[in-house]
Amino acid sequence: SDPPWRNRVWSMGVDLIREMFEQMVLKKDPDLIERFYSPDFEMHSNGVVQGFEEFAAAHRRVYATDISYEVEYDEDAWVEQEGRVAGRVWITTKLPGREATRIEVILIARIEDDRITRIWETTWPDWQNLREMERYEAP
């Protein structure tokens, strides 16, 4: 059966966030970055601010590695109103031969024209300190 939030009128933004994780992140498909993120996208994450080009290039580098992802959603935490979505997810990252890392993410996203224009998030642990993300920074 569908989760309770799916029956609500306002679930379009929630659906977009879930689709982004399921189609782009889990499948590591960098060709979908432009589908889900606006050219004027800006990410604010644990004190780091990135524009679209930097964000897209970093994701392309990481997706090219052997990293794998799993995503879990806190179905009771979704909140959406007028082009903004807030939620809580857990992203588990894994590289072959290494322990998996489960990252809790609290996020707020602004959506315009069916694309994410802003993300404000905090993660624990801080994704920037994980070995899995070594390729996120420019080589």
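**View 1. The buried face of helix α3.** In α3, the residues Phe52, Phe55, Ala56, Ala58, His59, Arg61, Val62 and Tyr63 are buried, buried being under 20% relative accessible area, exposed over 50% and partly exposed in between (1.4 Å probe, protein chains only). This is a predicted model, where local features need pLDDT of at least 70, side-chain atom pairs count only at pLDDT 80 or more, and totals for chains, interfaces and linings use all residues. Residues are numbered from 1 along each chain as its sequence is written, and side-chain values use heavy atoms, with hydrogens and water left out. The cover over the buried residues of α3 includes α1 (12-25), α2 (33-36), β1 (37-45), β2 (48-51) and β3 (68-73). Helices (H or I, at least four residues) and strands (E, at least two) are DSSP runs, numbered from the N terminus.

**View 2. α3 end to end.** How far apart are the end C-alpha atoms of α3? They sit 16 Å apart, which agrees with the 16 Å that the 12 residues of this helix (52-63) should span at 1.5 Å a residue. The expected span is 1.5 Å times one less than the number of residues.

**View 3. The largest nonpolar core.** This core has 35 residues, and Met20, Phe21, Met24, Tyr37, Phe41, Val89 and Ile116 have the most contacts inside it. A nonpolar core here is a set of buried Ala, Val, Leu, Ile, Met, Phe, Trp, Tyr and Cys residues joined through side-chain atoms within 4.5 Å.

**View 4. Who touches Val89.** Neighbours within four places in sequence aside, Val89 is in contact (heavy atoms within 4.5 Å) with Phe21, Val71, Glu72, Tyr73, Trp78, Ile103, Glu104, Val105 and Leu107.

View 5. Skipping neighbours within four places in sequence, Thr123 contacts Asn46, Ile103, Glu104 and Val105. Arg88 is 35 residues away along the chain, with 9.9 Å between its C-alpha atom and that of Thr123.

**View 6. Polar atoms around the Thr123 side chain.** The side chain of Thr123 reaches the backbone oxygen of Pro125 at 3.1 Å. A polar atom of that side chain also lies 3.3 Å from the backbone nitrogen of Trp127.

Definitions and conventions. A polar contact is a pair of N or O atoms within 3.5 Å; within protein, one must be able to donate a hydrogen and the other to accept it, and residues adjacent in sequence count only if both atoms are side-chain atoms.
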